Amino acid sequence: MEGVEKSEAAYVDDEIAQAQVKIWRILFGFTEMAAAKCAVELGIPDILENHGDPMTLSQLSSALNCSSTALFRIMRFLMNRGIFQEKITKQGSMGYAQTALSRLLTKDGNESLASMLLFQSSSAIIAPWHYLSSRVLDDKTSAFVRAHGMDIWQHGAENPDDAKLLDEAMASDTRRTIPAVLEGCPEIFDGLSSVVNVGGGDGTALRILIKACPWIRGINFDLPRVVAAAPECEGMEHVGGDMFTSVPKANAAFLKWILHDWNDDECIQILKNCREAISEYGSAGKVIIVEAVIEEKGGDELKDGGLVLDMVMLAQTDKGKERTAEEWTYVLREAGFTRHTIKNIQSVLSVIEAFP
Ligand SMILES: C[S@@+](CC[C@H](N)C(=O)[O-])C[C@H]1O[C@@H](n2cnc3c(N)ncnc32)[C@H](O)[C@@H]1O
């Protein structure tokens with residue numbers, strides 16, 4: 001009632017009610033991932049995209065050759081979560097239509113994160129999440145090793161299908177992140193004659209970079225089995241090797257989502273090898289790192305993603321972690337870099353430029 005102050009008991013009741021809503025969301029948080037995975041596996045975002053107009057339930061169930069009962073319930077849930085929406089078809093019936101969210105789940109397309117969803121929801125990647133508490137109690141054995149008996153890289157070497165999922169997931173993020181880097185700080189590539197992408201996967205990042213900055217010669221450096229499967233591209237060579245041993249020489253070393261996979265000592269070793277790789281270029285050489293820079297309290301919605309990634313590191317890597325600005329300063333100084341800058345871009349990740 002207007003003018004009547006809320007009692008303390010009413011505030012406590014509100015708090016309990018809100019907590020009940022929040023805990024319910026947490027308890028069943030996995031349902032959003034599972035239903036979105038179901039839509040991607042069935043190709044529903046692609047079917048709607050190709051159809052153009054909104055599709056009725058009966059049109060969608062015929063396209064999928066399935067009955068409409070379960071499909072209706074999946075679509076109702078996903079619409080409730082903002083993936084898909086209801087729109088009137090040309091014939092005046094109610095139909096399903098794409099939203100900005102479901103467009104991110106089409107199987108191809110530059111912005112698509114469907115591969116990331118399929119990777120993160122795959123059985124091999126879900127399994128280590130069951131071992132987080134064991135990891136907390138015994139920091140020596142990672143959650144991934146507990147689940148699979150080996151680390152994620154060895155698992156990839158022995159399970160080509162899972163390795164393919166990982167490589168495609170990384171490439172899907174790269175297709176979104178590299179344009180954000182180019183848009184947020186294009187000047188960092190000015191005047192660079194060559195760039196070695198350390199742990200560059202299938203070369204997606206360099207392909208985008210070279211297209212935007214054709215003056216750059218690219219060296220895509222990764223494990224031999226990864227570069228062996230990478231497609232050829234003009235202006236770029238693939239080199240297989242081990243970044244803990246040495247890194248091919250170039251004007252700049254570029255590392256996206258590499259250092260967070262490793263502990264500080266390993267990170268410092270990789271960074272020292274990168275410093276050696278750019279040493280011929282003197283003060284014109286640099287290392288460009290694209291990683292999360294976490295804020296302890298989460299920061300804004302984008303930066304909060306860094307804390308989520310830190311949980312992912314805890315589950316999926318042996319010793320990896322996301323780092324705060326202070327932690328980045330520590331590893332860079334220990335690796336012999338004299339100064340560095342951190343730039344925010346339109347991504348969960350930031351751009352760190354480090355100079356010898
Ligand atoms: C998390 S993925 C990131 C891939 C890519 N930079 C991206 O962001 O899309 C890590 C990459 O490091 C590579 N990698 C792992 N160990 C390596 C090593 N010892 N030497 C070179 N590359 C390695 C993996 O094969 C993988 O492509």
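Helices (H or I, at least four residues) and strands (E, at least two) are taken here as DSSP runs, numbered from the N terminus. The model is predicted: local features need pLDDT of at least 70, side-chain atom pairs count only at pLDDT 80 or more, and totals for chains, interfaces and linings use all residues. Residues are numbered from 1 along each chain as its sequence is written, and side-chain values use heavy atoms, with hydrogens and water left out.

By these assignments the protein has 17 helices and nine strands. Its C-alpha trace spans about 70 × 55 × 45 Å along the principal axes. The chain comprises 356 residues, of which 44% count as buried; buried means under 20% relative accessible area, exposed over 50%, and partly exposed in between (1.4 Å probe, protein chains only). Accessible areas come from the Shrake-Rupley method with a 1.4 Å probe, and for residues only the protein chains shown count as cover. The protein exposes about 18600 Å², and carbon and sulfur atoms supply 54% of this area. A contact is defined by heavy atoms within 4.5 Å. Among contacts between residues at least 6 apart in sequence, 62% join residues at least 24 apart.

The interior may be considered next. In soluble globular proteins, nonpolar side chains tend to be buried together. A nonpolar core is defined as a set of buried Ala, Val, Leu, Ile, Met, Phe, Trp, Tyr and Cys residues joined through side-chain atoms within 4.5 Å. The largest such core has 33 residues, and Val181, Phe189, Val195, Ile288 and Val351 have the most contacts inside it. Two or more residues each are given to this core by helix 7 (114-120), helix 12 (160-184), helix 13 (204-212), strand 6 (252-256) and strand 7 (286-291). Helix 12 gives the most, with six residues. Leaving aside neighbours within four places in sequence, isoleucine 288 is in contact with Ile188, Phe189, Leu192, Ala252, Ala253, Phe254, Leu255, Val351, Ile352 and Glu353. Another core, of 29 residues, lies apart from the largest one and includes Val196, Ala250, Ile270 and Cys274.

Threonine 174 is found in helix 12 and is buried, with a relative accessible area of 9%. Not counting residues up to four places away in sequence, threonine 174 touches Pro179, Thr204, Ala205, Ile208 and Lys256. Histidine 260 is found in the loop between strand 6 and helix 15. At 4% relative accessibility, histidine 260 counts as buried. With the same exclusion of residues up to four places away in sequence, histidine 260 touches Glu291, Met313, Gly320, Lys321, Glu322 and Arg323. UniProt lists His260 for "active site" in an unreviewed entry; UniProt positions are given in the numbering used here, feature names are shortened, and annotations may be inferred rather than shown by experiment.

Charged pairs form a further set of links. A salt bridge is a side-chain nitrogen of Lys or Arg within 4 Å of a carboxyl oxygen of Asp or Glu, and the structure holds 20 of them. In one of these, lysine 343 pairs with glutamate 187, the closest N and O atoms being 3.2 Å apart. This pair links distant parts of the chain, 156 residues apart: lysine 343 lies in strand 8 (residues 339-344) and glutamate 187 in the loop between helix 12 and strand 3 (194-198). Lysine 343 is partly exposed at 27% relative accessibility, and glutamate 187 is partly exposed at 40%. Glu187 and Lys343 also belong, with Lys286 and Glu353, to a network of salt bridges.

The side chains of lysine 319 and glutamate 266 meet in another salt bridge (3.3 Å, N to O). Lysine 319 lies in the loop between helix 16 (301-316) and helix 17 (325-334) and glutamate 266 in helix 15 (residues 264-277), so the pair ties together parts that are 53 residues apart in sequence. Lysine 319 is partly exposed, with a relative accessible area of 41%, whereas glutamate 266 is buried, with 18%.

The surface also carries a nonpolar patch. Ile23, Trp24, Ile26, Leu27, Phe28 and Phe30 form this patch, with about 690 Å² of accessible area together. Patches are made of residues with over 30% relative accessible area and no salt bridge, with like charges joined within 9 Å and nonpolar side chains (Val, Leu, Ile, Met, Phe, Trp, Tyr) within 5 Å. Helix 1 (residues 8-27) supplies the largest share of the nonpolar patch, four residues. Phenylalanine 30 is found in helix 2 (residues 30-42) and counts as exposed, at 53% relative accessibility.
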